[in-house]
Amino acid sequence: METPAPAIPRSLFVFSILYGGMVCMAGVLGVKQVALGPLAVEAGIFGFLILVVLSSAVAELHGQKTATALVRFGFVPLFTSAALIQLVLALPHDPGMYPPAIDAFPIVVGQSVRMMLAGFISYGISQTLNVFIFGKLKGKEGQGRLVWFRGMVASVISQIVDTVLFISISFYGERPILGLMEGQMLTKVVLSIVLVPFLITGFVALGRWLDGTRAPAEGLAP
């Protein structure tokens, strides 16, 4: 007797959970600026790169329509976490709370309404664009072919769009934005080229292993 296939593929279930967590974490990590040699970037880029890789991997394994739905469902934890943060910030702190944490907490998790709006817009557009480009590069009968390259190209373009949208909406009219954009774009492009090919290859391979399927004859490796 054959074991029936799960209603939701294991890879989609696991990747969806991780995706939801990264949607919430990326914004928190972005509070810290990290130095990578001569490059400087907000640490949230690592969370966003994982989001890009996960959505591309889901598109490869389960189709562009499913991956686009995953991006849209990502607004649920994004909006929920933002609402909870505002609620917690509005509540009075306990008098016995560690004093340095009282001042640090609003800095770490608090964002202006403008920046929150920028985050929502840039997330939705850039992640949807990533899935769209990845799917278009796949073409017909393209499953398994040049996954690393398609993922890298989609990531580079979507990260540039994300940077332009977020910085423009957040800071236009308040400070010069071209220099800020250039540095962020350069760092995100470099990280997309260096990290995404390996990450997307690994996540697609992991997904096939979770689902008990084999990779196509063309292979997944660069």
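Threonine 187 is buried, at a relative accessible area of 1%; buried here stands for under 20%, exposed for over 50% and partly exposed for anything in between, with a 1.4 Å probe and protein chains only. The residue sits in helix α8. Helices are DSSP runs of H or I with at least four residues, numbered from the N terminus. Neighbours within four places in sequence aside, threonine 187 touches Leu39, Ala40 and Val41, a contact being heavy atoms within 4.5 Å. The model is a predicted one, so local features need pLDDT of at least 70 and side-chain atom pairs pLDDT 80 or more, while totals for chains, interfaces and linings take in all residues. Residues are numbered from 1 along each chain as its sequence is written, and side-chain values use heavy atoms, with hydrogens and water left out.

Helix α8 also meets α2. Their axes come within 8 Å and cross at roughly 45°; these are lines fitted to C-alpha atoms over the stretch in contact, with angles from 0 to 180 degrees between N-to-C directions. The pair is therefore oblique, the label left once angles under 35 degrees (roughly parallel), over 145 (roughly antiparallel) and 65 to 115 (roughly perpendicular) are set aside. On the α2 side, the residues involved include Phe46, Leu49 and Val53, and on the α8 side they include Leu191, Leu195 and Phe203.

Then there is α1, residues 10-29. Among the buried residues of α1 are Phe15, Tyr19 and Val23. The buried residues of this helix pack against α2, α3, α4, α6 and α8.

Conventions. Helix = DSSP H or I, 4+ residues; strand = E, 2+ residues; numbered from the N terminus.
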